[in-house]
Amino acid sequence: MGNILDTILIKEIVNTSTTVNADYVSDSIDISFRESEFSIQLDYDNGVNVDMEISIEVSNDNVSFVPITDSVHTVTDPDGTSIFDIAGTGTNYLRVAITVTTGSVDIQQITYKAKR
């Protein structure tokens, strides 16, 4: 008998262009059905005077969220992709937060991917 492949969980947190020019928080998603590691990919473009921090925030109750300390990523490029590869979180919910110092950027897509 052959090996059983893991089921891949994929969730588009944002799938339509969203302009961010002030602090932003995505909708949260339930990540309780995954194995320990997961990744988030954020694709953005059309940036103007970009100076922002992107972080992954997690929660056990879908009410009180805190950033994963090592996930804070500074963005100053007008176009690009940020990938967060996270291991070992025991939380149940996730969202993406952006703190804007200056500028604006269009988020084209935020994708969550994990194994079940």
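The legends below describe an overview and several close-up views of a predicted model.

Residues are numbered from 1 along each chain as its sequence is written, and side-chain values use heavy atoms, with hydrogens and water left out. In this predicted model, local features need pLDDT of at least 70 and side-chain atom pairs count only at pLDDT 80 or more, whereas totals for chains, interfaces and linings use all residues.

**Figure 1. Overview of the protein chain, with 0 helices and 9 strands.**
From the N terminus on, the elements run β-β-β-β-β-β-β-β-β. The radius of gyration is 15 Å, close to the 13 Å that the globule rule gives for 116 residues, so the chain is as compact as a globular protein of that length. Helices (H or I, at least four residues) and strands (E, at least two) are DSSP runs, numbered from the N terminus. The radius is taken over C-alpha atoms, and the globule rule is 2.2 Å times the number of residues to the power 0.38. Along its principal axes the C-alpha trace spans about 55 × 30 × 25 Å. Of the 116 residues, 39% count as buried; buried means under 20% relative accessible area, exposed over 50%, and partly exposed in between (1.4 Å probe, protein chains only). Among contacts with a separation of 6 or more, 84% come from residues 24 or more positions apart, a contact being heavy atoms within 4.5 Å.

**Figure 2. Surface and charge of the protein chain.**
The chain exposes about 6,700 Å², of which carbon and sulfur atoms supply 45%; accessible areas come from the Shrake-Rupley method with a 1.4 Å probe, and for residues only the protein chains shown count as cover. There are 6 positive and 18 negative side chains, and the centres of the two sets lie 11 Å apart. Lys and Arg count as positive and Asp and Glu as negative, while His and the chain ends are not counted. Each charge is placed at NZ of Lys, CZ of Arg, CG of Asp or CD of Glu.

**Figure 3. The aromatic pair of F38 and Y112.**
A search of the whole structure finds 1 aromatic pair. F38 and Y112 form this tilted pair, at 5.8 Å centre to centre with 45° between the planes. F38 lies in strand β5 (residues 38–59) and Y112 in strand β9 (residues 93–115), so the pair ties together parts that are 74 residues apart in sequence. F38 is buried at 2% relative accessible area, and Y112 is buried at 3%. Rings of Phe, Tyr and Trp (its six-membered ring) pair if their centres lie within 6.5 Å; planes under 30 degrees apart count as stacked, over 60 as edge-to-face and the rest as tilted.

I98 is buried, with a relative accessible area of 3%. Leaving aside neighbours within four places in sequence, I98 contacts V20, D23, Y24, M52, E53, I54 and I107.

**Figure 4. T91 in the loop between β8 (80–86) and β9.**
T91 counts as buried at 13% relative accessibility. Not counting residues up to four places away in sequence, T91 touches I31, R34, V58, S59 and N60.

**Figure 5. Positive phi at N49 and N62.**
N49, in strand β5, has a phi of about 50° although it is not a glycine. N49 is exposed at 62% relative accessibility. N62 lies in the loop between β5 and β6 (66–67), with phi near 65°. N62 is partly exposed, at 33% relative accessible area.
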